[in-house]
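Hello,

Here is the structure I said I would pass on. Please look it over when you have a moment; my notes on it follow below.

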Amino acid sequence: MTPPGPRILPDPEAVARAAAGRVVELAGQAIAARGRFRLAVPGGRTLARLFRMLAGEFASRLDAARLELLFADERGVPPDDPESNYRLAREALIDPLALAADRVRRMRGEADDLEAEARRYEAFLAEPLDLLVLGVGEDGHVASLFPGSRLVGERGRRVAAVRDAPKPPPRRLTLTPRALAEARGVLVLATGADKRAAASRALDSAGDAAACPARLVRGREWLLDREASALLKGS
Ligand code: 6PG
């Protein structure tokens, strides 16, 4: 099946605004259908921009009381560490929207036993996510699924421990391809010239997900800015 084409917007701010619009729209649909909206997010600069947009301009359109926030990945650090994905979400989204603590499913990146933490977290994934938002790394990683990782072929588990991530820190937790595939909606965001090669490798008609894990979500909804889209075939 040919996936729907990516949406190309002028700049990172326009990508964040369009993404916030989709989050609000999909939240409305999930709440109407199932009474709540289960959203999962990673970390990174692209997501930080989306969080600020959701907590600012779009806050009045998001029913935060029905939002359950989960994580796509977490770095192997404590929750107050500047590298923590939870800390970024807390500062830019959770605190500004006043999300209740029991609606936030934090991955405990500081756990000594990341395997046990991955198994604990898996319980939250028994029901599919309504929406998973992903950033893309320059090397083509999504969540903490990196090129060459054996986890790119993982089809049984929904959450896994990572011990050898090439981007520091090496110890992480991540959703697996199974959880990505099961999510009802996936929104992939890529902005800036340093994402050009990864975006084109991910969206090209031929290629290998082991070398570019973002290909796992090739058939989902992509929002790119002009810079990131410059190497796409036909652009
Ligand atoms: C992480 C992230 C990672 C991120 C991408 C994009 O913990 O490293 O979860 O998957 O989303 O690397 O990051 P940028 O938006 O900062 O480029």
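Arg172 has a polar side-chain atom 3.2 Å from an oxygen atom of the ligand. Bear in mind that this is a predicted model. Two further side chains have an N or O atom placed against a ligand oxygen: that of Lys167 at 2.8 Å, and that of Asn85 at 3.1 Å. On its own the ligand has 420 Å² of accessible area, and the protein covers 97% of that.

As for where the ligand sits, its site is the largest pocket. Two elements each give two or more residues to the shell around it, namely helix H2 (45-55) and strand S4 (73-75). There are 16 residues around the ligand, and those that come nearest are Arg45, Thr46, Asp73, Ala143 and Lys195. By type, the shell is made up of 7 polar, 6 charged and 3 nonpolar residues.

Is Arg103 buried, partly exposed or exposed? Its relative accessibility is 25%, so Arg103 counts as partly exposed; the buried class is for values under 20%, and the exposed class for values over 50%. Arg103 also pairs up in space with Leu69: their C-alpha atoms are 6.2 Å apart, although 34 residues separate the two in sequence.

Regards

Conventions: Residues numbered from 1 in each chain as written. Predicted model: local features only at pLDDT ≥ 70, side-chain atom pairs only at ≥ 80, totals over all residues. Heavy atoms only, no water. Near = heavy atom within 4 Å. Polar contact = N/O pair within 3.5 Å; in protein donor to acceptor, adjacent residues only side chain to side chain. Areas by Shrake-Rupley, 256 points an atom, 1.4 Å probe, with all protein chains shown as cover. 1 Å grid on protein atoms, 1.4 Å probe; cavity = no way out; pocket = protein on both sides within 12 Å on 5 of 7 lines; lining within 4 Å. Sits in = over half its atoms within 2 Å of the grid points. Helix = DSSP H or I, 4+ residues; strand = E, 2+ residues; numbered from the N terminus. Nonpolar A, V, L, I, M, F, W, Y, C, P; charged D, E, K, R; others polar. Buried < 20%, exposed > 50% of the residue type's maximum accessible area, 1.4 Å probe, protein only.
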